[in-house]
Amino acid sequence: MSYDDDNIFAKILRGEIPCKKVAEDEHTLAFEDINPLRAVHVLVIPKGPYVDWRDFAATASADEQAAFTCMIAHVADLTGIAEGGYRVASNIGRDGGQEVPHLHMHVLGGEPVGPLVARG
Ligand code: AMP
């Protein structure tokens with residue numbers, strides 16, 4: 001899948017639509033999910049135009065990959081969920097239920113998150 005510059009996270013990165021920023025560094029942005037599923041629900045995205053994990057793993061620099069990983073732990077600390085525990089999840093592609101075609105990690109916590117997936 002090629003990257004779509006019109007996706008909503010690309011617009012957030014360009015400042016065309018607002019977000020509630022939690023943290024930011026040179027390579028990564030973290031902001032509150034607009035439709036939170038738990039008390040804490042933050043999205044962590046790379047600033048580069050990556051559709052999904054395969055794209056990111058294959059083409060992002062080592063610095064971008066390190067920043068992305070570290071930002072998740074930083075967000076857990078900033079939001080106070082590190083001690084109680086939390087879930088990090090990424091929906092990829094059709095079967096993964098990905099709605100926004102820009103790589104993102106959901107960081108969920110602040111209360112019990114529940115089963116990873118419902119039994120089908
Ligand atoms: P996914 O289904 O994994 O692609 O998740 C996309 C997530 O983006 C959903 O949890 C949405 O609530 C969230 N979302 C969509 N638009 C916005 C926005 N403008 N600001 C913050 N979060 C958003």
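This is a predicted model: local features need pLDDT of at least 70, side-chain atom pairs count only at pLDDT 80 or more; totals for chains, interfaces and linings use all residues.

Modeller: Residues are numbered from 1 along each chain as its sequence is written, and side-chain values use heavy atoms, with hydrogens and water left out.

Colleague: How many salt bridges does the count come to?

Modeller: A salt bridge is a side-chain nitrogen of Lys or Arg within 4 Å of a carboxyl oxygen of Asp or Glu. One of them joins E16 to R14, with N to O at 2.7 Å. By this rule the count is four.

Colleague: Is E16 exposed, partly exposed or buried?

Modeller: Buried means under 20% relative accessible area, exposed over 50%, and partly exposed in between, with a 1.4 Å probe and protein chains only. The relative accessibility of E16 is 48%, so E16 counts as partly exposed.

Colleague: Which residues are linked with K21 in a network of salt bridges?

Modeller: K21 pairs with E24, their closest N and O atoms being 2.6 Å apart. E24 also meets K47 in a salt bridge, at 2.8 Å from N to O. This second pair links distant parts of the chain, 23 residues apart: E24 is in strand β1 (residues 21-24) and K47 in the loop between β3 (40-46) and α2 (53-59), where helices (H or I, at least four residues) and strands (E, at least two) are DSSP runs numbered from the N terminus. The residues networked with K21 are therefore E24 and K47.

Colleague: What is the relative accessible area of K47?

Modeller: K21 is exposed, at 52%, and E24 is partly exposed, at 42%. K47 is also partly exposed, with a relative accessible area of 29%.

Colleague: Which element supplies the largest share of the shell around the ligand?

Modeller: Both α1 (8-13) and β2 (28-32) supply at least two residues of that shell. The largest share is three residues, and it comes from α1.

Colleague: How far does a polar side-chain atom of D33 lie from an oxygen atom of the ligand?

Modeller: There are 16 residues around the ligand (a heavy atom within 4 Å), and D33 is among those that come nearest, together with N91, E99, H104 and H106. A polar side-chain atom of H104 lies 2.8 Å from a ligand oxygen. For D33, the corresponding distance to an oxygen atom of the ligand is 2.5 Å.

Definitions and conventions:
A polar contact is a pair of N or O atoms within 3.5 Å; within protein, one must be able to donate a hydrogen and the other to accept it, and residues adjacent in sequence count only if both atoms are side-chain atoms.
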